[in-house]
Amino acid sequence: MSLPLLSARLGKRQAALEYKWMKRATSPIPLDQMLARRVAGEPLQYILAEQPFGPLTIKTRPPVLIPRPETEHWTIRLAELLHPTATPARPLSVLDLGTGTGCIPLLLCHLLPAGSVRAYGVDISPDAVNLAAENAALCGLSAPADPSRNSFQPIQASFLDPNFPHLNLGVAPPFDLITSNPPYISWPEYVRLPPSVSHYEDPKALFGGPDGLDFYHAIAALVARNDFLNPGAVVVVEVGDGQADSVQRIFKATAQMNTEIWLDPWKKMRTVIARPGI
Ligand SMILES: C[S@@+](CC[C@H](N)C(=O)[O-])C[C@H]1O[C@@H](n2cnc3c(N)ncnc32)[C@H](O)[C@@H]1O
């Protein structure tokens, strides 16, 4: 298996780049096998078993969603927004809905002052929760013991469960920050996904209902509950291309929130920021 086959699949420039990364990788997998897997269409991040996310290296493993650059971009911007007021005197209580690898809360924990963040992440998938726990340990951010450090704790649960978060879950409202990159692919988009996504990444991480908006309705209903958010709380959700206006409407109508939109590095409306009180 050789570089020409990879070039035929990816184009010369991309193949040369990826070949360089594979050669440099500390992975125990022989280079030939890595090339064969990549030529067969497996995402590079699953072959290398890691993905940079800001200054962090996040461990990746199928079928848990590979962290994307647009998510990294808004998470860094969110950390910059929170930084001036984040203090160990009153740690932020953070809940990440659909945490996957744990990349969002882990990067917030890494970028915000020590002792200023207590983060929890829920995911329905045991694969995701196990991987998020491994990532928390690798980043030195496992919960809790030492209150002078930031911490992240992944928990297996469905936030679509009407009893969420039930009493024995180990996490309870009110929260200062809700983050989510929920499944948001609509049915027409789902059936057109490239095999490099649909054959490897968990459908539960991708499919967001017929119009892709099911999880935004659920999150808006959660944060509309009286006791769910602290005063001054912020809700930050990633959205699919073309969904930002509908998601703003959902948060306004269901939870009476003020909203704004952040663009991603490619100028797409990618993130909806919602705050209580119209
Ligand atoms: C798009 S992925 C995002 C993963 C990660 N936050 C990221 O940005 O890379 C959505 C995640 O939501 C999880 N998920 C799907 N349905 C869920 C539910 N009902 N409750 C909790 N998590 C759910 C999936 O398992 C998946 O890990």
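1. Rings of Phe, Tyr and Trp (its six-membered ring) pair if their centres lie within 6.5 Å; planes under 30 degrees apart count as stacked, over 60 as edge-to-face and the rest as tilted. On that basis, ring pairs link Trp187, Tyr190 and Phe207 into a cluster.

2. A word on the source: this is a predicted model, where local features need pLDDT of at least 70 and side-chain atom pairs pLDDT 80 or more, while totals for chains, interfaces and linings use all residues. Residues are numbered from 1 along each chain as its sequence is written, and side-chain values use heavy atoms, leaving out hydrogens and water.

3. The structure holds five aromatic pairs. One of them, Trp187 with Tyr190, is stacked, at 5.8 Å centre to centre and 20° between the planes. These two sit three residues apart in helix H8 (residues 187-190), so about one helical turn separates them. (Helices are DSSP runs of H or I, at least four residues, and strands runs of E, at least two, numbered from the N terminus.)

4. Tyr190 is buried at 18% relative accessibility; buried means under 20% relative accessible area, exposed over 50%, partly exposed in between (1.4 Å probe, protein chains only). Trp187 is partly exposed at 47%.

5. Trp187 also meets Phe207 edge-to-face, with centres 5.6 Å apart and planes at 75°. Phe207 lies in the loop between helix H10 (203-206) and helix H11 (214-223), so this pair ties together parts 20 residues apart in sequence. Phe207 is partly exposed, at 29%.

6. Elsewhere, strand E2 (residues 56-59) has Leu56 and Ile58 on a covered face and Thr57 and Lys59 on an uncovered one.
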